[in-house]
Amino acid sequence: MPKVKTKSGAKKRFKLTGSGKIKRKCAYHSHILTKKSTKRKRNLVHAHLVSKADESNVRAMLKI
């Protein structure tokens, strides 16, 4: 039986925390930053957790 492969895009974008939750980066922080406020840009720097609704899809992509 062949090995189960993970989606390469997902393995680059998501990390597991110690408690088993999935960590992600925020969107909208790569370009067109001049019109965004400093507070908004600062809040986009920090990592967030994947929502409960999307968690099963991400786990399927990561084969966890």
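The largest nonpolar core here is made of six residues: A10, F14, I22, V50, V58 and L62. A nonpolar core is a set of buried Ala, Val, Leu, Ile, Met, Phe, Trp, Tyr and Cys residues joined through side-chain atoms within 4.5 Å, and buried means under 20% relative accessible area (1.4 Å probe, protein chains only). This is a predicted model, so local features need pLDDT of at least 70 and side-chain atom pairs count only at pLDDT 80 or more, while totals for chains, interfaces and linings use all residues. Residues are numbered from 1 along each chain as its sequence is written, and side-chain values use heavy atoms, with hydrogens and water left out.

**Helix α3**

- Helix α3 covers residues 52–62, and its buried residues are E55, V58 and L62; helices are DSSP runs of H or I with at least four residues, strands are runs of E with at least two, and both are numbered from the N terminus.
- Those buried residues fall within an arc of 75° seen down the α3 axis, so they line one face of the helix; the arc is taken from the directions from the helix axis to the C-beta atoms.
- They pack against α1 (8–13) and β2 (22–24), with contact meaning heavy atoms within 4.5 Å.
- L62 touches T6, A10, K11 and F14, leaving aside residues up to four places away in sequence.

- Three strands make an open, antiparallel sheet in the order β1-β2-β3; two strands pair if DSSP finds at least two bridges between them.
- β1 (15–16) and β3 (48–49) are the edge strands, each pairing on one side only.
- Two bridges join β2 and β3 in the antiparallel sense, and R24 has H48 in β3 as its bridge partner.

How values were computed: Buried < 20%, exposed > 50% of the residue type's maximum accessible area, 1.4 Å probe, protein only.
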